[in-house]
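The sequence and the structure are shown first, and the description follows.

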Amino acid sequence: MKLLEQLPKQIQTLVEQNKNTNTTNFDNMIRSSNYVPHDLELFSDILVALSQGKNVLLKGPTGSGKTKLAETLSSLFNQPLFSVNCSVDLDAESFLGFKTVEYENDKQTIAFVPGPLVQSMEHGHFLYIDEINMAKPETLPLINGALDYRRTVTNPLTNETIHGANGFGVIAAINEGYIGTTRLNEALKNRFVIFDIDYLQGEELKSLIKDQSSLQDTKQIDAFVKLSSDLVKAADQGKIAEDGASIRALLDACDLSSFIPPKRAIKRAITSKLEDEREQVVVANLAETLFE
Ligand SMILES: Nc1ncnc2c1ncn2[C@@H]1O[C@H](COP(=O)(O)OP(=O)(O)OP(=O)(O)O)[C@@H](O)[C@H]1O
Ligand SMILES: [Mg+2]
């Protein structure tokens, strides 16, 4: 069954009413994706918040599907998704854009190439800000302005004031606790409705593995689902780092194990990512109990 059809009628109508109906030059940036919600209620709440023009913050560990979720929201609302990755494109220019020199009949002119923030605000589309807690402090006032009820930013490069057009929406993601990230600035956090995204488990995880990995052996899939729940438990108890339970790594292990023995696949895709030798032993022991 389609994702939207699983939700209350009222939510389906709300999404329908807030769908982008303009076709634009950016239609190729409407992402289609196959996010599987771990909690339909939470998923509905995200749809409500976005429909009401709230800024949405997805908080969850690595490989929990935050980026997939943002892409799925882009397709449900038929909204092109512009994106900034704060851990890579750190400065204000990567939000706003940059100036460039152009030549017209030998005449030199300065043109402005708009960045993702400017584009999404002007055209009323979605902006995905990945790892927003890694943004440099000097870019924060800029982001804060765009997230305010005023939805306004002044571009110091052009002195223009940019207003968020109807439909403009912000989805941000953070990976709190991950080494190298800083806690999210309180003023910034305050501007978002926050949603905790957990690792998918149980029956949903089972169908995710079937759909997204090359592993099809039901018995093995069941064992991987059990392994995942054991890894989540071990992470909760502090026995392994949270990333050790990543669904991304689990799917890699499932893919590999359609060709190589599962224990070796787990070693390559999961265990080898853990720095601490004791953590590696924990994972190896769990794998030992579940696979031959
Ligand atoms: N609930 C889910 N639905 C669909 N796919 C998922 C889900 N959870 C994990 N995945 C799969 O796990 C992988 C990682 O997902 P994604 O890149 O969206 O994670 P992320 O939370 O954005 O991670 P990071 O914080 O490292 O950017 C993808 O291959 C995705 O298909
Ligand atoms: Mg991501």
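In the classes used below, Ala, Val, Leu, Ile, Met, Phe, Trp, Tyr, Cys and Pro count as nonpolar, Asp, Glu, Lys and Arg count as charged, and the others, Gly among them, count as polar. The model described here is predicted.

## The shell around ligand 1

On that basis, the residues of the shell around ligand 1 divide into six nonpolar, nine polar and three charged. The shell holds 18 residues, of which Thr62, Gly65, Lys66, Thr67 and Ile247 come nearest to the ligand. Two or more residues are given to this shell by each of helix 3 (66–76), helix 8 (202–212) and helix 10.

## Overall form of the chain

The protein chain contains twelve helices and nine strands. Its C-alpha trace spans about 70 × 45 × 40 Å along the principal axes. Of its 292 residues, 38% count as buried. Among the contacts in the chain with a separation of 6 or more, 72% are accounted for by residues 24 or more positions apart.

## The two domains

The domain assignment of the chain gives domain 1, covering 4–196, and domain 2, covering 202–290. Their C-alpha centres lie 32 Å apart. Nine residues of domain 1 are in contact with nine residues of domain 2. On the side of domain 1 that touches domain 2, the classes are two nonpolar, seven polar and no charged residues.

## Two helix pairs

Two packed helices are described by the angle between their axes and the distance between the axes. For helix 1 (residues 9–17) and helix 2 (residues 40–51), the axes come within 10 Å and cross at roughly 35 degrees. This crossing is left-handed. Ile11, Leu14 and Val15 of helix 1 make the contact with Ser44, Leu47, Val48 and Ser51 of helix 2. By class, the contact of helix 1 with helix 2 has five nonpolar, two polar and no charged residues.

The second pair consists of helix 10 (residues 247–256) and helix 11 (residues 262–269), whose axes come within 8 Å and cross at roughly 140 degrees. The crossing of helix 10 and helix 11 is right-handed. On the helix 10 side the contact involves Ala249, Asp252, Ala253 and Leu256, which meet Ala265, Ile266, Arg268 and Ala269 in helix 11. The residues of this contact divide into six nonpolar, no polar and two charged. Helix 10 is also one of the elements that give two or more residues to the shell around ligand 1.

## Two asparagines with positive phi

Asn105 is found in the loop between strand 3 (97–104) and strand 4 (107–114). Its phi is near 45 degrees, a positive value in a residue other than glycine. Is Asn105 buried or exposed? Asn105 counts as exposed because it has 4 C-beta neighbours inside 10 Å, and a residue is exposed if that number is 12 or fewer.

Asn159 is found in the loop between strand 6 (152–155) and strand 7 (160–163). Although Asn159 is not a glycine, it has a positive phi of about 60 degrees. With 7 C-beta neighbours inside 10 Å, Asn159 counts as exposed.

Leu142 is found in helix 6 (residues 140–147). Leu142 counts as buried because it has 20 C-beta neighbours inside 10 Å, and a residue is buried at 20 or more. Not counting residues up to four places away in sequence, Leu142 touches Ala92, Phe95 and Val153. The C-alpha atoms of Leu142 and Asp243 are separated by 31 Å, and these residues are 101 residues apart along the chain.

Gln212 is placed in helix 8. With 15 other C-beta atoms within 10 Å, Gln212 is partly exposed. The C-alpha atoms of Gln212 and Asp255, 43 residues apart along the chain, are separated by 8.9 Å. Helix 8 itself is one of the elements that give two or more residues to the shell around ligand 1.

Technical notes: Residues are numbered from 1 along each chain as its sequence is written. Chains are lettered from A and ligands numbered from 1 in the order in which they are written. This is a predicted model: local features need pLDDT of at least 70, side-chain atom pairs count only at pLDDT 80 or more; totals for chains, interfaces and linings use all residues. Axes are lines fitted to C-alpha atoms, for helices over the stretch in contact, and angles run from 0 to 180 degrees between N-to-C directions. Helices (H or I, at least four residues) and strands (E, at least two) are DSSP runs, numbered from the N terminus. A crossing is left-handed if the near helix is turned anticlockwise from the far one by less than a right angle, and right-handed if clockwise. Two residues are in contact if their C-beta atoms, placed from the backbone, lie within 7 Å. A residue is near a molecule or strand if its C-beta atom, placed from the backbone, lies within 6 Å of it. Domain bounds come from an automatic or database domain assignment.
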